[in-house]
Amino acid sequence: MTEVRTLTPVLRFRAPITPDADGNPVHYRIDLDTSETFASAGLISSPPMLVEPGGEGEWTVEGGMLADDSLYWWRVLAVDGVQVRCCL
């Protein structure tokens, strides 16, 4: 667990080096939630990001989206138009 001292963190991830097996473009999405099951009504999601294999994706959380003194979980989902895969 990492303590973050900003309400506008930059969340970064590295996409897998291996391209999609079917050759489909892969879009990534970052989810943030106060529930580790990502099932709360307050789930926050980034816009879809197209990241090349082995490339880095990032999302800066906008001001006003996070509450001070709260614990958030985050995950990265990969979506290729056919399947959704969790988590990088």
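This is a predicted model: local features need pLDDT of at least 70, side-chain atom pairs count only at pLDDT 80 or more; totals for chains, interfaces and linings use all residues.
1. Residues are numbered from 1 along each chain as its sequence is written. Local features need pLDDT of at least 70 and side-chain atom pairs pLDDT 80 or more, totals for chains, interfaces and linings use all residues, and side-chain values use heavy atoms, without hydrogens and water.

2. The largest pocket holds about 600 Å³ of space. A pocket is an open set of points on a 1 Å grid over the protein atoms alone where a 1.4 Å probe fits, with protein on both sides within 12 Å along at least five of seven lines; lining residues have an atom within 4 Å of a point. The volume is the space filled by probe spheres set on the points, which are joined across faces, edges and corners.

3. Of the 20 residues lining the largest pocket, Thr2, Glu3, Val4, Ser70 and Tyr72 lie nearest its centre. Strands β1 (10-14) and β6 (73-79) each supply at least two lining residues; strands are DSSP runs of E, at least two residues, numbered from the N terminus.

4. The second largest pocket holds about 400 Å³ of space. Its lining has 21 residues, with Thr18, Pro19, Asp20, Val26 and Tyr28 closest to the centre.

5. Phenylalanine 38, in the loop between β2 (27-33) and β3 (44-45), has a positive phi near 55°.

6. Aspartate 69 is exposed (over 50%), at 78%.

How values were computed
Helices (H or I, at least four residues) and strands (E, at least two) are DSSP runs, numbered from the N terminus. Buried means under 20% relative accessible area, exposed over 50%, partly exposed in between (1.4 Å probe, protein chains only).
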